[in-house]
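The sequence and the model are shown first.

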Amino acid sequence: DRITVIPVSRVLGAMAVQGKDQVTSRPQAMEVAEIVGADAILVFAVTEYDAFDPPRIGITAQLFGVAPVGRMTGPSGDANAQEGRLLAQTQRVFSGANAEVVQEIKSYAALRDGDESPYGWRRYVVSQQYFMRYCCHATIRSLLSGDRFAVVARGPGSGR
């Protein structure tokens, strides 16, 4: 409810202005966010990919952003709301052969269109596109909820 997604084409345009086709650093990520007027930016990387049944996809994701004013402090304790920081990150390998992933896919399909296909919930493991859609959804959910797959960055001195 509190998130507005900026079209990918605007983000790609901002990266083109930088002469880049990928985000390679926190400062660059924050520069792209600033160009498109975003408070945060989500950077994904596919770390492994096997499309054959059962599919397998490794995803690493980092959420960079600016903490609300008054909540971010530098090492000296001075507020520095303009500097972006890593807010959360996650890394996970999704395998269609893993029972836990299959159960998550069944739940995901039940809330969507799992019954509209002759494959039922298996649509999300037999289709590369649908499996990737599920994996991206699960990754974003993990980042935003701080569940066990995500590492939520804390302020200075937290040990993380």
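**Note on strand pairing, helix packing and cysteines**

1. In this predicted model, S2 pairs with strand S3 (residues 85–95) in the antiparallel sense, over 10 bridges. Within this pairing, Thr60 lies opposite Gln91 in S3.

2. S2 also has a partner in strand S1 (residues 40–50): these two strands are antiparallel and share 10 bridges. Five residues separate S1 from S2, and the two form a hairpin. Val46 is found opposite Ile59 of S2.

3. Is strand S2 mostly covered or mostly uncovered? The strand spans residues 56–65, and seven of its 10 residues are buried, so that S2 is mostly covered. For the protein chain as a whole, buried residues account for 33% of the 160 residues.

4. The wider arrangement may be stated briefly. The protein chain contains five helices and four strands, and from the N terminus on, its elements follow the order α-α-β-β-β-α-α-α-β. Of the contacts in the protein chain with a separation of 6 or more, 52% are between residues 24 or more positions apart.

5. The packing of two helices deserves a separate point. Helix H3 (residues 99–110) packs with helix H5 (residues 128–145) at an angle of about 95 degrees, and their axes are 11 Å apart. Angles of 65 to 115 degrees count as roughly perpendicular, and H3 and H5 are therefore roughly perpendicular to each other.

6. Which residues of H3 meet residues of H5? On the H3 side they are Val101, Glu104, Ile105 and Tyr108, and on the H5 side Phe131, Arg133, Tyr134, His137 and Arg141. By class, the contact of H3 with H5 comprises five nonpolar, one polar and three charged residues.

7. The cysteines call for a comment. A disulfide requires a pair of cysteine sulfur atoms within 2.5 Å, and by this rule the count is zero. Cys135 is in no disulfide, its nearest cysteine sulfur being that of Cys136, 6.9 Å away.

8. Cys135 is buried, with a relative accessible area of 0%, whereas Cys136 is partly exposed, with a relative accessible area of 26%.

Notes. Residues numbered from 1 in each chain as written. Predicted model: local features only at pLDDT ≥ 70, side-chain atom pairs only at ≥ 80, totals over all residues. Heavy atoms only, no water. Buried < 20%, exposed > 50% of the residue type's maximum accessible area, 1.4 Å probe, protein only. Pairing = 2+ DSSP bridges. Axes fitted to C-alpha atoms, helices over the stretch in contact; angles between N-to-C directions. Parallel < 35°, antiparallel > 145°, perpendicular 65-115°, else oblique. Contact = heavy atoms within 4.5 Å. Nonpolar A, V, L, I, M, F, W, Y, C, P; charged D, E, K, R; others polar.
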